[in-house]
Amino acid sequence: MRIIISGGGTGGHIYPALATLNKLRALKPDTAVLYIGSERGLEGKIVPEAGYDFASVKVQGFKRSLSPDNFKTVYLFLKAVHESERLIRKFKPDVVVGTGGYVSGPVVYAAQRLGIPTVIHEQNSVIGVTNRFLARKITKVGVAFPAALAAFKPNLATVVGNPRAQEVVETNGKYDWQGLGLKAGQPTVLIFGGSQGALKLNHAMVDAIKVFNRSKYQVIFVTGAKRYAEVNEEITSKGINVADNIAVVPYINNMPQLMPQVDLIVGRAGATSIAEQTALGKPMVLIPSPYVTNDHQTKNAQALVDVGAASLITEANLTGGHLFDVINDLMQDADKRQAMAGAAKKIGVPNAADLFVNLIESVIKE
């Protein structure tokens, strides 16, 4: 098989693409791969490090407001379509796949113009602008949330989950609890606001440390690398002592090894995080970011709340006291956590990479 895949800007678009490629390579080692990303996206560093050939095109996203900059966006899009067509003709793929982000738009659109089978993956419960544009002439669609099916023509989309989740489920290995200064086998809450951290969540956690100090469970508070120093400064300036049951860390390198061993996960409602946590069957407290397109994180979170898999705290209602009360209520109630875990497991897709690879292969055989 020869495949071109495109997705970028954030890890939420890149890691599902890499999980798909890793599964393809495991099943068919002779698969030829070209990843096309943007010049400035994270994919330019992450993809080559993962061992895949990488090419870039220059694109930028649309501004939501009426802006002269959008004329440049259209110009760059058309130029990127032309460059993508050149790359596609040279590589001669059997299929072109988009996993989201504005860079996938010109790449998949170029393939559609050339009559090559195309597949897109929608990670969120609400379809993004790029995928909505591409869906008009797409061959097949894989979605992570059943709620996204209604956005596509009948029988065009299939629920496959998020390929990244399968990598997490299949990860083996023990976690080094001593590195955190905590103990293995103890009830533990993991709190994190994504790789960059979440400012308001960090402030709320600092305010809550005094009451978490008295809890009988452990707390891992991941600040985000860029915010670690300011969190420690805030803790010091407020004269707060951090007890032995709490670990304050900038980031977790091996999150897939840690997540299966914690009892409750608290954080944002990004598509990839939710896919990983539901596949593992973890109870969740979700704090959606209000700063994302179409408020899709709130919609992602609500889909889990509706089936009893998560509790939701809006950022507007996020305080240290409220955060502690919600977490403590769940950590004091094992039956409630178990019920949430069961609900999460029902909607999780632990074999998502297999399903998405099967979908990709099906368009080649047609």
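In this report a residue counts as buried under 20% relative accessible area, as exposed over 50%, and as partly exposed in between, with a 1.4 Å probe and protein chains only. By this scale asparagine 155, at 74% relative accessibility, is exposed. The structure is a predicted model, in which local features need pLDDT of at least 70 and side-chain atom pairs count only at pLDDT 80 or more, while totals for chains, interfaces and linings use all residues. Residues are numbered from 1 along each chain as its sequence is written, and side-chain values use heavy atoms, with hydrogens and water left out.

Helices (H or I, at least four residues) and strands (E, at least two) are DSSP runs, numbered from the N terminus. Strand β4 spans residues 95-98 and is covered on both faces. Val95 and Val97 are buried on one side, and Val96 and Gly98 are buried on the other.

Two strands are taken to pair if DSSP finds at least two bridges between them. Strand β1 (residues 2-6) runs parallel to β4 and is joined to it by 4 bridges; isoleucine 5 has valine 97 of β4 as its bridge partner. Strand β5 (residues 118-122) is also parallel to β4, with 3 bridges between them, and valine 96 is partnered by threonine 118 of β5.

β4, helix α4 (residues 104-113) and β5 make a right-handed β-α-β unit. Right-handed here means that, with the strands pointing away from the viewer, the path from the first strand over the helix to the second runs clockwise. Helix α4 is largely enclosed by the rest of the structure, because 8 of its 10 residues are buried. Among them are Ser104, Pro106, Val108 and Gln112. Glycine 115, with a positive phi near 75 degrees, follows α4.

Threonine 99 is located in the loop between β4 and α4. With a relative accessible area of 1%, threonine 99 is buried. Contact means heavy atoms within 4.5 Å; leaving aside residues up to four places away in sequence, threonine 99 touches Ile5, Ser6, Gly7, His13, Ala17, Ser104, His121 and Gln123. Threonine 130, in helix α5 (residues 129-134), is buried at 19% relative accessibility.

**The six-stranded sheet**

An open sheet of 6 strands has the order β10-β9-β8-β11-β12-β13, with parallel pairing. Its edge strands are β10 (246-249) and β13 (310-312), each of which pairs on one side only. Direction ignored, neighbouring strands of this sheet are turned by 15 degrees against each other on average. Within it, strand β8 (residues 188-192) and strand β11 (residues 264-267) are parallel and share 4 bridges; valine 189 has leucine 264 of β11 as its bridge partner. Helix α10 (residues 271-280) packs on the sheet and touches β8, β11 and β12 (284-286), and its direction makes about 165 degrees with that of β12. Axes are lines fitted to C-alpha atoms, for helices over the stretch in contact, and angles run from 0 to 180 degrees between N-to-C directions.

**The packing of α7 and α12**

Helix α7 (residues 199-212) and helix α12 (residues 320-331) pack at about 65 degrees, and their axes are 7 Å apart. From α7, Leu201, Ala204, Met205, Asp207, Ala208, Val211 and Phe212 take part, meeting Gly320, Leu323, Phe324 and Ile327 of α12. The contact of α7 with α12 has 9 nonpolar, 1 polar and 1 charged residues. In this grouping Ala, Val, Leu, Ile, Met, Phe, Trp, Tyr, Cys and Pro are nonpolar, Asp, Glu, Lys and Arg are charged, and the others, Gly among them, are polar.

**Exposed loop residues**

Most residues other than glycine have a negative phi. Lysine 92 has a positive phi of about 55 degrees although it is not a glycine, and asparagine 155 likewise has a positive phi, of about 70 degrees.

| Residue | Loop | Relative accessibility |
|---|---|---|
| Lysine 92 | between α3 (69-91) and β4 | 59% |
| Asparagine 155 | between β6 (140-143) and β7 (157-159) | 74% |
| Proline 29 | between α1 (11-27) and β2 (32-38) | 63% |

The C-alpha atom of proline 29 is separated by 9.6 Å from that of methionine 1, 28 residues apart along the chain.
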